[in-house]
Amino acid sequence: MKIPPLLHQISNSFRQFIPSALRRLFLAIVLSSCLIILSGCQASAPKDDGVIRLTLWQGINPPANRDVFQKLVDKFNQTHTDIQVESIFAGGLDQQLPKILAAVVGNVPPDILSFYPQLTGQFRELDAIRPLEDWLNKLPLKSEVSPNLLAALTLDDHLWSVPLYTSNIGIFYRPQLFQAAGITETPKTWSELREVAKKLTIDKNGDGKPEQHGMLLPLGKGEWTVFSWFPFLWSAGGEIITDNRPNLNTEAAVTALQFWQDLIKDGSVKLSPPERGYEEDDFIAGRVAMQITGPWTYIMKSNVDYQVFPMPASVEQATVIGDGNFYVMKTNPAREKAALKFLEFVLSEEFQTEWSIGTGFLPVNIKSAQSAAYQKFMNQKPVLKVFLDQMPVARGRPIIAGYNSLSDSLGRAIEATLLGESPEKALKTAQDRLELIWHQN
């Protein structure tokens, strides 16, 4: 069977994060999925009533958040009789990728796609998404969107998506444990964080093994580990991308990894089970006094005492954006124009206020964040102010093609360092691995 040229392009584009042993299976899945999608599309003919019917694929979770989104889609549909958006839950984001590729191959993509921005580079290589800066620059609405959010979604001077929601990470802590340890101020610098973590590490029964650790760090090479470490890299004044290529061998990267290793050497850190650093059990049980996470955490719904402080700084203040975004897929001018109309609604104060209050995410619209309704909501959940105040120093992870390989190699370096490898050696090994991957592509 002859493979379409676009499928070759997809295979090459995703080579860096699909192991060679799985490529044949991957191609088979994509091809078979194409047949299913194409046959489904042929089964129903569009209505000729002058209404543009758009399909939107999303993986919004939990279901309660999905319900909030559907109500807002319904509101858009009620006020735009010439455009009707059908929101389709396409499964978890990882489950969606084969479907998306199949749709691109079969030339039947959704009109609007909600996906994480780290695949922007791959989607762009496939010529599957349209740039949005010309459209957004003409809208007065642009001035209402946080500039750093748009910067995080820009690659090679083009804006490839817009944010649905935003958030960032800080450090949750147990005030009662701070009080018991005689700590009256939260740490603002790395050195203060290190000292506080020591004070909060307590061997209660004298057996030489602390029952309470100062802080939890995520063990593993997965994206959560990488995500949690990025603020430390940036706070040290570092970058890991030079001219759209990874560059892990930097002084700042070493400094950031060394700090995590120092916390371990102090004995004040508990490492999570592998790839489970986002779970809150140890924090809720009082086995750790501090945990790096964001406002989506279950901690905010638990009955334990908790507060949040901003990410401590080294050279500069920094945190990492946790976001969801929308792409406009390439279809035809009329459908793309209609999709942009929906995105304009998504960025509006009206949408963002209702969405943020309903889900707990931070608004991407500045007027929404300042609105009386949202301020009232924030007064009920005052810890949200910490995350809102951090937004000006929040940055997005890279969105270059090959981010998956970059994240995997960086995650391996972080994991190796947490297990005792020197930061310099771990980063060199990771960089050497990346050089081979980038050379192949």
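Q: What percentage of the 441 residues in the protein do buried residues make up?

A: Bearing in mind that this is a predicted model, buried residues make up 54% of the 441 residues in the protein. The secondary structure around them consists of 19 helices and 16 strands, and of the contacts between residues at least 6 apart in sequence, 75% join residues at least 24 apart.

Q: Which residues have the most contacts inside the largest nonpolar core?

A: They are Trp229 and Met290, and the core to which they belong has 73 residues.

Q: Which residues of α3 are buried, and what do they pack against?

A: An α-helix has 3.6 residues a turn, so residues three or four places apart point the same way. In α3 the buried residues are Asn65, Val68, Phe69, Leu72, Val73, Phe76 and Asn77. Their packing partners are the strands β1 (52–58), β2 (83–89), β6 (162–165) and β15 (324–328), together with the helices α13 and α14.

Q: At what angle do α3 and α13 pack, and how far apart are their axes?

A: Helix α3 (residues 63–79) packs on helix α13 (residues 333–347) at an angle of about 125°, with 11 Å between the axes. That angle makes α3 oblique to α13, and the crossing of the two helices is right-handed. On the α3 side the contact is made by Phe69, Leu72, Val73, Lys75 and Phe76, and on the α13 side by Lys341, Phe342 and Phe345.

Q: How do α13 and α14 pack, and which residues meet?

A: Helix α14 covers residues 349–359, and its axis lies 4 Å from that of α13 at an angle of about 60°; the two helices are therefore oblique to each other. Phe345, Val346 and Leu347 of α13 meet Glu349, Glu350, Phe351 and Gln352 of α14.

Q: At roughly what angle do the axes of α9 and α11 cross?

A: Angles under 35 degrees count as roughly parallel. The axes of helix α9 (residues 190–199) and helix α11 (residues 251–265) cross at roughly 15° and come within 10 Å, and these helices are therefore roughly parallel to each other. Their crossing is right-handed, and the contact joins Trp190, Leu193, Arg194 and Ala197 of α9 to Thr255, Ala256, Phe259, Asp262 and Leu263 of α11.

Q: Why does Ser368 count as buried, and which residues does Ser368 touch?

A: A residue is called buried when its relative accessible area is under 20%. Ser368, which is found in helix α15 (residues 366–370), counts as buried because its relative accessibility is 0%. Leaving aside residues up to four places away in sequence, Ser368 touches Glu349, Gln352, Thr353, Pro363 and Tyr374.

Q: Which residue with a positive phi follows α18?

A: The residue is Gly420, with a phi near 120°. Within α18 itself, the buried residues include Tyr403, Leu406, Leu410, Ile414 and Leu418.

Technical notes: Residues numbered from 1 in each chain as written. Predicted model: local features only at pLDDT ≥ 70, side-chain atom pairs only at ≥ 80, totals over all residues. Heavy atoms only, no water. Buried < 20%, exposed > 50% of the residue type's maximum accessible area, 1.4 Å probe, protein only. Core = buried A, V, L, I, M, F, W, Y, C linked by side-chain atoms within 4.5 Å. Contact = heavy atoms within 4.5 Å. Axes fitted to C-alpha atoms, helices over the stretch in contact; angles between N-to-C directions. Parallel < 35°, antiparallel > 145°, perpendicular 65-115°, else oblique. Left-handed = near helix turned anticlockwise from the far one by under 90°.
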